[in-house]
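I opened the model to look up its sheet, its ring pairs and its charges over rings. My notes follow.

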Amino acid sequence: AFREAPNSSWRGSAEYKDIVAAAHYLQSLPTVDRKKIGRWGGSYGGLLTALGLARNSDLFAAGVDMHGVHDWSVFLPHWENRPKAPDAEQADKLAFSSSPDASVSTWKSPVLLIQGDDDRNVPFEQTVDLAQRLRENHVPFEQLVFPDEIHDFLLWKDWIAAYSATADF
């Protein structure tokens with residue numbers, strides 16, 4: 001029930017509540033500068049990082065998003081190999097509203113986007129599209145793109161470069 005909670009992923013991103021709760025907990029600690037809380041993660045962690053920055057730039061000062069999903073609605077047609085469902089339009093709307101792209105207008109915190117351009121799990125277009133949305137909304141961002149690299153980077157040097165860039169950012 002915890003691992004596959006109701007209304008999670010494209011069905012509402014309910015797991016995002018854990019991210020907000022963690023930020024509030026960190027803010028309560030006397031040893032934490034509440035204005036310097038950041039997020040980073042890869043794949044699903046990249047999605048949650050982007051959600052944090054998009055929905056709560058007031059809680060998260062910066063983030064690093066490695067090959068994260070930014071628009072769940074793009075994936076729905078690929079998951080079902082059946083005729084279009086009667087509620088497909090509602091599902092698309094719910095999937096999009098559960099995505100970072102839906103909240104880009106409130107995104108203020110800087111982000112580093114990292115992805116290989118041959119990613120077969122999360123299409124590279126997800127990062128390209130998010131970068132354009134961030135640019136249009138004047139959100140500071142940097143990009144690190146690895147040519148011919150897949151989702152789980154194959155080359156050790158690319159992992160080192162990604163983690164070094166993360167630490168520097």
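This is a predicted model: local features need pLDDT of at least 70, side-chain atom pairs count only at pLDDT 80 or more; totals for chains, interfaces and linings use all residues.

I looked at the sheet first: four strands form an open, parallel sheet in the order β1-β2-β3-β4. Strands here are DSSP runs of E, at least two residues, numbered from the N terminus, and two strands pair if DSSP finds at least two bridges between them.

Residues are numbered from 1 along each chain as its sequence is written, and side-chain values use heavy atoms, without hydrogens and water.

I then followed β3 (residues 111-116), which pairs with β4 in the parallel sense over six bridges. Val 111 stands opposite Phe 141 in β4.

Next I checked rings of Phe, Tyr and Trp (its six-membered ring), which pair with centres within 6.5 Å; planes under 30 degrees apart are stacked, over 60 edge-to-face, the rest tilted. I found six aromatic pairs by this rule. The ring centres of Trp 72 and Phe 75 are 6.1 Å apart and the planes lie at 65 degrees, so this pair is edge-to-face. Phe 146 and Phe 153 are also edge-to-face, at 5.1 Å and 70 degrees. Ring pairs join Trp 40, Phe 146, Phe 153, Trp 159 and Tyr 163 into a cluster.

Last, I looked for charges over rings (NZ of Lys or CZ of Arg within 6 Å of the ring centre and within 35 degrees of the ring normal). The charged end of Arg 39 sits over the Phe 60 ring, 5.8 Å from its centre. Arg 55 lies over the face of Tyr 16, at 5.2 Å from the ring centre.
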